[in-house]
Amino acid sequence: MNEDTGRPVLRVTGLSKGFFGVPVLQDVDLELRAGEVHGLVGENGAGKSTLMKVLAGVHQPDAGTVEIDGSPVEFRHPTEAHLAGLSTVFQEFNLLPDRTVAENVHLGREPRRGLFVDRKAMNAETADLLRELGITSIRPTSTVSSLSVAQQQIVEIAKAISYDARIIAMDEPTAALAGPEVELLYGIIRRLKARGTAILYVSHRLQEIFDLCDTITVLKDGRIAGSRPAAALDDAALVRMMVGRSISAYFPERLAGTAVGRPLLAVHDGGNEQLDSIELTLRAGEIVGVAGLQGSGRTELVEAVFGAHPFTRGRMELDGRPYTASSPRQAIRRRVALITEDRKAQGLSLDQSVLDNALGVVRAVFPRRDAEARSDVPAVLSSLEVVARDLDQEVQYLSGGNQQKVVLAKWLAVDPQVVLLDEPTRGIDVGAKIAVYNLMRMLAAEGKALLMVSSELPEVLGMSDRILVMRDGRIAGELPPDATEEQVLQVATGARTERARP
Amino acid sequence: MNAYARLTSTHIVYLVALLTVVAGTALVGATGRSFFSAGNISSILTGTSVLGFIAIGQTLVILVGSLDLSVPYVVSLSSLLAAGIMAGQPGNIVAGVVVALVVSAAIGLVNGLVVSGLKVHGFIATLGTGLIVSGYLATNYQGSSGQTPVAFRLVGATGIGPVPVSTLIMLACAGVVLLMLQRTRLGHHVYAVGGDIEVARMSGIRTGTPIVAAHVLCSFMAGLAGLLLAARLGVGSPTIGSQGGYDLLSIAAVVLGGTLLSGGKGSLVGTLGGVLIFAMIDNIMSVLQINPFLKDVVRGIVIVVAVAVYARRRVISRPARFGGHPRARTEQEDAA
């Protein structure tokens, strides 16, 4: 082990930060040691992101001190944090899609020879960095937009360590990853740890926290709720610390009276540029999970059913009648809803009010139902336990979980019969997740058909009546709800069904 | 094999330019004249130089995520200052050139500072400075004014073979700016700030520097265009810039050259292709003595079609997995 291991490199004492008089962080203490992976968990709105941003120099603390290697530091700009050896990998990628990997990694610090940027040195240094991370599949001269999400994440990490970072903070690094890609990231984190780098790891996925972290700190309502060695905690205890709720509430049981009825949606031999041979039947009262690796065609499947990227082959039936969705508008008219993966870009108008967002679809597609829907909105929002100041508050000021609930309310307003959900709980806290799960059970009990895409296997296994596993644009298999994570991954990666290629 | 997929927008621009040459050869040939006569080539290249200067600057400004609508007024102001100071005296040429360029660059500095410091979008900021300059011109000049000495006029009139000196100066400027964009930190930061200013800021780039530099260079280039026009006309004119419609025409040339209007992606070489296409279209239509208003119709169609083609390329940039494009299939099979 590294001789530095165990020495505290980052010490945060009494840190407080508020916005417009609202305290977000209060009296936060945190200690990070060299070679330690330190998990930071808490519900959305608990202040994790704010803490990360204070450490990164994006925000300045109102009170308290940050020390690196025992000497106090004050970052007024992200660059100062980088220079002090603290790099942050944010949830939103900080990459320029149209520039190369090397240009991105060295952005702002391009090596020069004389007056000119030394491309050769830049590419060579980038290749060295990637090799250090055990990555040989990414070329420094590739354009970032040509890389997969996982590869972009690796570039982001390479950029962070290229500042000779001794402390790396990662905000939800696996949010966009699945399966083997997560393993790849684990490998990188273990390498960094072995080098003596201290890692602050923020994630909603408890499995990862336990897999990776030595110490776990729980943040609740802007305060530290506790900091324990990972070995002294288990899932149930950790969730209790986060929400004061026991883990049995995690995946609600199917509601009494839920009956799987007639087929609502049927796809026969559906295909387009990204999908092929899709056979799918969705029955009333059923929750069907869709698992698969990143890029296996899961999002494309729900987008095809919703008409966003329609099927060009095959046929569909909805509620016994032929169904063609060549645009989302047609799908919505037939009461098909899609809760999209990216709520900020596709689900919400961030600077519009809660009410306007909740009525967005109704107004666009069923304008005559506006008044009726408007009177329903308060009840729908309160049944989802949306925490907002009032209906006029802009949704950008809500936490991720509350934003997602507004998205759900928007789709409930059109009374859908088929509900497609793409990563419905991504990046939201445990409490909001449970609200989403409860809502899904309720919709199923009302006789609606639900198709849920998720990268979180426990979620797929815990919520689905059947599990479809996708691979390379096809449905590679169907599994019963009592399948194991290993079985799902085997089908998703083709480990078991591998056959000779034609 | 994979030709279509590897075509960049710059390639497309030059393909279109080549098509224009073919069309020009046929159309001009049909009238019994030659598209490739020294006189005609010289006339086309002359047509590239003024717009070329301005479009080079506009490329920088658009790449950094801004816009410059003040260029036509800077062009006029520069022509008036130069002609006024020179007043027909060869000894005043240097002073005229320096003052015109310094004042032009100063307008760019104001533009850049307003855009980067006050966070006013370039569209509005330069509309404002453009109006101010235009008001100044209208109050102080009733018509053409000043006089450029013969020695200075030669710049606009001489050439090496069929290539006018003005075009050579324009290409030299393009070379310097190209080197700056591709090989210097400033150039990299121009692309970074235009691509995503927040990413640039988080990477420690002083985001104001590339914005100000791009605006200063853009106005400087507009000043050069004004000097060239003063050399050609022999006088300065308060309306020469706005008559040329250089603001929108330069933006059109940049976009035609494949640069994203939102910034961060594009190439100067493409812009030069766009300028060349416009110059050839102008030339063909004037040789054929077609109604000058129809010229704008053709320009309009070219711009819209070009950008529609680029937009389409962006949509289908993702490889198909099934059916459709047989090439993607081949690649998979190759890999297998």
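Guide: In strand β10 of chain A, Leu200(A) is the residue that stands opposite His38(A). This is a predicted model, in which local features need pLDDT of at least 70 and side-chain atom pairs count only at pLDDT 80 or more, whereas totals for chains, interfaces and linings use all residues. Residues are numbered from 1 along each chain as its sequence is written, and chains are lettered from A and ligands numbered from 1 in the order in which they are written.

Strand β3, residues 37-41 of chain A, runs parallel to β10(A) and is joined to it by 4 bridges. Strand β9, residues 167-171 of chain A, also runs parallel to β10(A), with 5 bridges between them. Here helices (H or I, at least four residues) and strands (E, at least two) are DSSP runs, numbered from the N terminus.

A residue is buried if 20 or more other C-beta atoms, placed from the backbone, lie within 10 Å of its own, exposed if 12 or fewer, and partly exposed in between. Ala198(A), Leu200(A) and Val202(A) point one way from β10(A), while Ile199(A) and Tyr201(A) point the other way; all are buried. In a regular strand the side chains alternate between the two faces of the sheet.

Chain A also has an open sheet of 4 strands, ordered β2-β1-β4-β5, in which the pairing is antiparallel. Its edge strands are β2 (22-33) and β5 (71-73) of chain A, each of which pairs on one side only. Between them, β1 (residues 8-19) and β4 (residues 63-68) of chain A pair in the antiparallel sense over 5 bridges. Within this pairing, Thr13(A) stands opposite Thr65(A) of β4(A), and Leu10(A) stands opposite Ile68(A) of β4(A). β4(A) in turn pairs with β5(A), again antiparallel, over 3 bridges, and Pro72(A) in β5(A) is the bridge partner of Glu67(A). The hairpin of β4(A) and β5(A) has 2 residues between its strands, and Asp69(A) takes a positive phi near 50° in that hairpin.

Not counting residues up to four places away in sequence, Met221(B) touches Phe53(B), Ile54(B), Ile56(B), Gly57(B) and Cys173(B); contact requires C-beta atoms, placed from the backbone, within 7 Å.

The chains meet where 21 residues of chain B are in contact with 23 residues of chain A. On the side of chain B that touches chain A, α9 (185-195) and α10 (197-202) of chain B each supply at least two residues. α9(B) gives the most to that side, with 5 residues.

Elsewhere in chain B, Gly257(B) lies in the loop between α13 (246-256) and α14 (268-287). Gly257(B) counts as buried because it has 29 C-beta neighbours inside 10 Å. Apart from neighbours within four places in sequence, its contacts are Val13(B), Gly266(B), Ser267(B), Gly270(B), Thr271(B), Gly273(B) and Gly274(B). Val133(B), 124 residues from Gly257(B) in sequence, is 29 Å from it in space, C-alpha to C-alpha.

Confidence remains to be considered. Chain A has a mean pLDDT of 85, with 94% of its residues at 70 or more; pLDDT is the predictor's confidence in each residue, from 0 to 100. Residues 245-249 of chain A have pLDDT below 50, and this stretch has 8 contacts in the model beyond near neighbours in sequence. Over residues 496-502 of chain A, pLDDT stays under 50 as well, and the model has 5 contacts for them beyond four places in sequence.

Conventions. Two strands pair if DSSP finds at least two bridges between them. Two residues are in contact if their C-beta atoms, placed from the backbone, lie within 7 Å.
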